[in-house]
Amino acid sequence: MYSLKFVRENTELLKKSSELKGEKVRWDELEELDNKRRRIIYFVEERRHWQKDLSNKISERRDSDDEKSSVQDMLRQAKKYSDEIRKSESELKDIEKRIDEIIMSIPNIPHPSVPEGMGAEDNVVVKNWGEIPEGKDFEILPHWEIGEKTGILDFPRGSKIAGSFFPVFREYGAVLVRALINFMLDLHRKNGFTEVWVPVLVNRESMFTTGQLPKLEKDMYHLDDDDYFLIPTAEVPVTNLHRDEVISEEKLPLYYAAYTPCFRKEAGAYGKDTRGLIRLHQFDKVELVKFVRPETSYEELETLVEEAEKVLQALKLPYRVLKLCTGELSFAASKCYDIEAWAPGIKKWLEVSSCSNFEAFQARRGKIKYRNTREGKTDYVHTLNGSGIALPRTIVAILENYQQQDGSVLIPEVLRDYMGGIEKIV
RNA sequence: GGAGAGAUGGCUGAGUGGAUGAAAGCGACCGCCUCGAAAGCGGCUGUGCCCUCAUGGGUACCGCAGGUUCAAAUCCUGCUCUCUCCGCCA
C-alpha cells in the first residue's frame, strides 16, 4: 500500500503498472478526493491554530475580574471554531476512507526485469533441472491410482470426515508427510533459516499486512465468532512476526522457516485438473520468509529460489523454474519465480513453490522498519517469501517419478532415515 | 468465563486538565580527547500530514475508537492486548 504522497507523485508509473497487472483503479475519483482533502485540511488547521491562540489567552485571563467580559467573548468564538472543526473533520474522515479504499486497490509495481504479458504463456522458463523419465518401459500411473493400490491415500474417508479436497494419508503415506516436513525444516535450518512455529489462526491486521485483505477475503476460511482467519500460507503469520517493529540493521537479513498447514477455499475449483492431491482445502507447506535491506532484496530473491530448489535436488525430482510475467504476478509482488516439478503420471508441471519479492509493499502495510545506523533513520525493510516447499504436489511428484513397474514406489534416499529406514512403499 | 492492575518515543521510565513532542536515563549519531579504542566531556537525536520554489511555518500523534471541554497523555465510555488471582481444560 502506497502513501497518498507517493501515489500523487508517481501516478503515471502506477497507472501503467496497474494495467500491466490487469488491475482497475479509479484514478479520476482519487484525484478529485485528493484535492478536496487538501482544501479541508487547510481549513481545519487554520481554525485550529486560531482556536489554540484563543485557548492560551483564555487560560491567562480567566481569573482576572476586569477582563471577564472579553473572556466570555473569546469563549464564544473558540466554541465556534471548535464546532467548525468538528464538522469538517467528520467530512475529512469520510474522504480519507474513500481515498484509502482506492489506494488499497493499487497493486505493487513489477520490477523492470519482469516480462510483460497477461497469461501463463508469457511466463519465461529460466531453468530446467533433472531428467524427465519418459523412456520408462511401463505406463506410469497417476498418483491417485498409486495411492489407492498401496493404501497410502484415502480420499473417500477424507470426504466423509470433512468434504471433498480433504485427503487422508495412511500408513507410509502419513509417515511420508511427516518425513518431508522434518527433512525440509532440517535442510533450511542447516542453511541459516531460523525455525519458527506460528499460529494458523490470525487476525485481520495480519491478513492486511501481507495483502490477502481486503481483496481475497472470500477465498479464506473465517471464524465468525471471533473474527479469525485460517491462514492460506505461513507467509501471513511469519511476515507478521515483525509487524509494527523497528529492527536494528545489524540483525538483517532475517531468515525464517516455518511448517504450517494451509487452508484455502479455492472457490470454484471443481472440475478439470483437480483430481487427487493437486488442489486441496487443507495442505501442508514449509515456508521461507526473509526480511532484508532494500538494496539486497533482488539478490536475496535469487538465493531464496536456490534454497527451494535444494529441496527438489535432494529429492532428485525434475523441475523447471519460471519467471512470471506481469499479469501473473500477485497483487503484492514485484517479482516472482515459480518452481514446477514434473509429474509423469498425469504428465503435468506442478507448481510446488512460488518465490516472491514484495519490496516494501508488505512492510509499508505492516509498518515493518529497520534503523539505518549510518544515517540514524528508519526505513521500510523488504520482505520476501517462498515455499520451501508445498507438500501434496511434492508427494505427487515422488509417487509418480519413483514409481516402479511392479506398482511399488521407491523412497528418495534423503527421506529414508526419516522413515524408519524403509526403501520402498509396496 | 470472573475480578483487579496496566499500555507513553529505538529501549527503560516520569508525567492526573492549560505554553508537554512530552522529564530523566540508556542507546544511536556528530565532535573533542587518543597512535587507535574504551572511559570522560560537549552537542544532537520521533513520525505523518498541510502550506511554501526554498529557508521556514502550521497541525496531528502518549494501545485503538468515540465522548466531555475554549483546551485532553491527563477526565468519561467502549474495544484490543499484557500481567496477577480465581474458574475451566489437554
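Reader: Where is the place of P253 in this chain?
Author: In this predicted model, P253 has its place in the loop between β8 (245–248) and β9 (254–263).

Reader: Why is E359 called buried?
Author: A residue is called buried if 20 or more other C-beta atoms lie within 10 Å of its own. E359 has 23 other C-beta atoms within 10 Å, and therefore E359 is buried. E359 is found in the loop between β13 (348–357) and α11 (361–366), and its phi is positive, at about 50 degrees, although E359 is not a glycine. Most residues other than glycine have a negative phi.

Reader: What makes K367 count as partly exposed?
Author: Partly exposed is the term for a residue that falls between the buried cut-off of 20 or more and the exposed cut-off of 12 or fewer. K367 has 14 C-beta neighbours inside 10 Å, so K367 counts as partly exposed.

Reader: Where is K367 found, and what is its phi?
Author: K367 is found in the loop between α11 and β14 (368–372), and K367 has a positive phi of about 50 degrees although it is not a glycine.

Technical notes. Residues are numbered from 1 along each chain as its sequence is written. Chains are lettered from A and ligands numbered from 1 in the order in which they are written. This is a predicted model: local features need pLDDT of at least 70, side-chain atom pairs count only at pLDDT 80 or more; totals for chains, interfaces and linings use all residues. Helices (H or I, at least four residues) and strands (E, at least two) are DSSP runs, numbered from the N terminus.
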